[in-house]
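Dear colleague,

Please find the structure below, handed over for your records. My notes on it follow.

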Amino acid sequence: MEGPAPSTPTFTGRFLPRLYSAQTKVRQGGKAGPTPRRRHGNARTLPAPDCNSRRPPRLPVGKMAARRRKRGARDSEPEIPSPPGYSAIPIKFSEKQQASHYLYVREHKVREGTKSSWPQKRTLFVLNVPPYCTEECLSRLFSPCGAVQSVELQEKPDLGDSPKEPKSKFFDPTPVPGFQVAYVVFQKPGGVSAAIVLKGPLVVSTESHPVKSGIHKWISNYVDSVPDPETLRIEVDTFMEAYDKRIAEEEAKAKEEEGVPDEEGWVKVTRRGRRPVLPRTEAASLRVLEKERRKRARKELLNFYAWQHRETKMEHLAQLRKKFEEDKQKIELMRAQRKFRPY
């Protein structure tokens with residue numbers, strides 16, 4: 001097999017770009033050097049890429065700068081960590097505050113077959129609600145998403161199957177201030193979807209709607225803790241009327257079911273005919289405790305060990321000596337009283 005002629009050199013790989021540039025310059029009648037580039041606006045016109053070159057083709061300067069700006073803007077966006085299935089909404093207490101607090105929201109859903117006291121597809125469940133954020137604040141923050149029907153704060157999530165009872169501000173214990181959960185009910189289902197994609201930061205305390213803090217909040221809480229006598233009387237009367245009505249309904253129902261067998265033939269027996277038991281007084285409770293103490297004392301093992309015998313004898317002797325001294329004093333007193341006193 002014959003090879004190439006000796007006068008014809010072979011160029012491969014990295015030597016091809018240099019050879020192409022040198023031949024172009026020599027043909028133009030000049031010295032071999034780099035290929036000139038023509039400018040069109042902000043972009044540069046590059047020579048055709050070489051298939052044998054290892055470097056990828058370079059982009060124009062304008063496109064590279066635009067790509068860098070886009071990458072920098074994407075990298076500068078902070079990623080807000082949130083639990084799975086929740087959306088994070090940043091809020092601030094005031095405009096001066098730099099750091100943001102995050103509310104985690106999602107649509108309120110329950111399992112199939114479970115009853116819920118909150119309307120489906122119109123209720124927004126909110127986590128991580130700070131203590132300074134009240135029901136009025138939440139209603140105002142979510143009002144741009146749609147008309148808010150009601151807002152309720154709770155210490156922990158509602159189970160859904162437990163019946164709800166109306167709360168009383170006089171008799172219910174005051175909750176410990178801390179982070180809570182909230183249920184925001186909108187009038188239309190579109191409010192929930194708008195609240196999930198809501199962007200922040202939202203401001204809680206503004207000039208038009210200031211939120212009390214510090215000593216002003218303490219004073220307000222103290223004033224609210226003093227009940228109004230008339231309002232308290234009305235609430236007590238309402239509660240007692242509802243209680244009496246419920247007791248009367250239960251007694252009427254029990255009277256109807258008395259002596260009537262159920263589906264399996266069982267008859268319910270009640271204690272209606274027995275004498276009502278009187279409540280114990282303090283004196284009666286003391287008598288019962290004393291009786292129990294004597295009963296326990298009788299069950300104890302007395303004079304079972306040798307040291308118990310010794311202690312019992314010593315206590316008996318001490319009691320006899322004490323009684324002897326007391327009797328001596330009584331006799332001396334009686335002798336002194338028998339003396340004759342004419343005057």
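In which helix do Arg293 and Glu290 both lie, and how many residues apart are they? Both are in helix α7 (residues 282-299), 3 residues apart, about one turn of the helix. Helices (H or I, at least four residues) and strands (E, at least two) are DSSP runs, numbered from the N terminus.

This is a predicted model, in which local features need pLDDT of at least 70 and side-chain atom pairs count only at pLDDT 80 or more, while totals for chains, interfaces and linings use all residues. Residues are numbered from 1 along each chain as its sequence is written, and side-chain values use heavy atoms, with hydrogens and water left out.

Salt bridges

A salt bridge here is a side-chain nitrogen of Lys or Arg within 4 Å of a carboxyl oxygen of Asp or Glu; the count by this rule is 5. Arg293 forms one with Glu290, with the closest N and O atoms 2.4 Å apart. Arg293 is partly exposed, at 43% relative accessible area (buried means under 20%, exposed over 50%, partly exposed in between; 1.4 Å probe, protein chains only).

Glu230, Arg233 and Asp237 are linked in a network of salt bridges. The closest N and O atoms are 2.5 Å apart for Glu230 and Arg233, and 3.0 Å apart for Asp237 and Arg233. Glu230 and Arg233 are separated by about one helical turn because they are 3 residues apart in helix α6 (residues 229-257). Asp237 and Arg233 also both lie in α6, 4 residues apart.

Sheet and strand β6

An open sheet of mixed pairing is formed by 6 strands in the order β6-β7-β5-β4-β3-β8; two strands pair if DSSP finds at least two bridges between them. Strands β6 and β8 (202-203) are at the edges, each with a single partner strand, so one side of each has no neighbour in the sheet. Strand β6 runs antiparallel to β7 (residues 180-186), to which 6 bridges join it.

Gln154 is in strand β6 (residues 148-154) and is buried, with a relative accessible area of 14%. Leaving aside neighbours within four places in sequence, Gln154 is in contact (heavy atoms within 4.5 Å) with Trp118, Gln180, Val181 and Tyr183. The C-alpha atoms of Gln154 and Ala182 are 6.2 Å apart, although 28 residues separate the two along the chain.

With kind regards
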